[in-house]
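Here is a walk through one structure, strand by strand and helix by helix. Have the model open beside the text as you read.

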Amino acid sequence: MTPATSGARADIAILGGGLAGGLIALALRRADPALAVVLVEAGEMLGGNHRWSWFESDLSREGVALLAPFRKIQWPAGYDVHFPEHSRLLGSTYVSLSSADFDAALRRELAQSTIYTGRTVASVDARGATLEGGERIDARCVIDARGFILSDAFEGGWQVFMGRHLRTDAPHDVDRPIVMDAKVAQHDAFRFVYTLPLAADELFVEDTYYQDNPVLDRAALSSRIDHYCEAMGWHGEPIAFETGVLPVITGGDLARYQRDVRVPGVAMAGARAMIGHPLTSYTLPFAAETALLVAKNRDLPSEQMAALLENHARRVWQRTGFYRMLGTMLFGAARPEERYRIFSRFYRLSPGLIERFYAARSTTRDKLRVLTGKPPVPIPHALRALASHRPPLAPPEGTADNG
């Protein structure tokens, strides 16, 4: 093992420059510019290769201020959803942020000495981190935001997707997002296509599946995007691609997960801490909330910050139990090709209820409204699903990505 060599000293070291880690670094910079912060990212670009979207109402006033430095695309005209039974325009303002714009803003806003990209963490402890190659970063407080660790402490299904950024040969005339087009063939999963008009001649088209296994067949999904674009009359050249295999958590033991992955005295944030929406995989409102919490408590030593964020993760887990229950019914009560009916019914409800659902802020009245009325799945099937367990979220070797 290479011996550690002296390197940076920081008040706070953040490991992982994705959404959670990057927003924490920005929140700390804005709260106290004199604070010495180091942000370590294994990739060359902060934020990786992602696009994050949210409703304007998802963020608090402080969250909106935190996101202000980023170049974003907004659609105040609302968004569309399509199902075999109905289509609907919802008037909520929708917002999207690309990882390229995330990276650019952080490099502009953070101190030059803050960002370490292309650096992999070899080991971490409550007093700092050692990078591959032996460089040591010492810190009063260490926050690990390097992403979710697959664990059989949880059960559920999978959200699998492929996105294509396309430059069209001619203006496409799409003036607002299509957040969910479920009129497409279902392919043994709840499938929908998600489209964002990024410019007059640019589209982001994503093919998404809620499925029982973590298989991502690149060739099949790419072909289906081809067919979808052809059917919509969109022709052009791909600019970039994005793929993902995300867990959809329907149950499990958060305390066991925390015990299994905890490094004493090291705080965890983002997906690594299980802070997110278990059903939709929305993360941005949660990441902003966590970043503001860390900034408010920036003077804590590492052990106390670790306890603060573990408690925060437990609170998020408690308040998202309703969505895990719905996920259980989605996967367990409906045949894969019929799962879309659950969302078809959901999207007939009020726009405010839908927004609060995605932000994981559903009221008691919202929850009752979601569960009452004509059920989209047979009641006996729903009861059996709630009484059963989904498979643990530890995929067999080699199944996560075909291609």
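Strand β2 (residues 37-41) is largely enclosed by the rest of the structure, because 5 of its 5 residues are buried. In this predicted model, V37, L39 and E41 point one way from β2, while V38 and V40 point the other way. All of these are buried, the charged-looking E41 of β2 included. The strand's partner here is β8 (residues 115-117), and the two pair in the parallel sense over 3 bridges. If you want a place to look, L39 has I115 of β8 as its bridge partner.

Now for the sheet. Which strands form it, and in what order? There are 7 of them, running β6-β5-β13-β14-β15-β12-β16. The sheet is open and the pairing is mixed. β6 (87-90) and β16 (236-252) stand at the edges with a single partner strand each, so one side of each has no neighbour in the sheet. On average, neighbouring strands of this sheet are turned by 15 degrees against each other, direction ignored.

β5 pairs with β6 in the antiparallel sense over 4 bridges, and a hairpin of 4 residues joins β5 to β6. Across that pairing, D80 stands opposite L89 in β6, and Y79 has L90 of β6 as its bridge partner. On its other pairing, β5 runs parallel to β13, with 3 bridges between them. There, H82 has D181 in β13 as its bridge partner.

Are the faces of β5 covered or open? Both are covered: Y79 and V81 on one side are buried, and so are D80 and H82 on the other.

Most residues other than glycine have a negative phi. H187, in the loop between β13 (178-181) and β14 (190-199), has a positive phi near 55 degrees. D188 lies in that loop between β13 and β14 too, and its phi is also positive, near 60 degrees.

On the α8 side, F322, M325, L326 and M329 do the touching, and they meet K367, V370 and L371 in α11. The residues of this contact divide into 6 nonpolar, no polar and 1 charged.

How do α1 and α6 lie relative to each other? From α1 the contact takes in L19, A20, L23, I24, A27, L28 and A31. From α6 it takes in L284, A287, A288, A291, L292, V294 and A295. That gives 14 nonpolar residues, with no polar and no charged ones.

One last stop, just past α11. T372 lies in the loop between α11 and α12 (379-387). Is T372 buried or partly exposed? It is partly exposed, with a relative accessible area of 39%. T372 and S92 are 280 residues apart along the chain, and their C-alpha atoms are separated by 24 Å.

Key:
Residues numbered from 1 in each chain as written. Predicted model: local features only at pLDDT ≥ 70, side-chain atom pairs only at ≥ 80, totals over all residues. Heavy atoms only, no water. Pairing = 2+ DSSP bridges. Axes fitted to C-alpha atoms, helices over the stretch in contact; angles between N-to-C directions. Contact = heavy atoms within 4.5 Å. Buried < 20%, exposed > 50% of the residue type's maximum accessible area, 1.4 Å probe, protein only.
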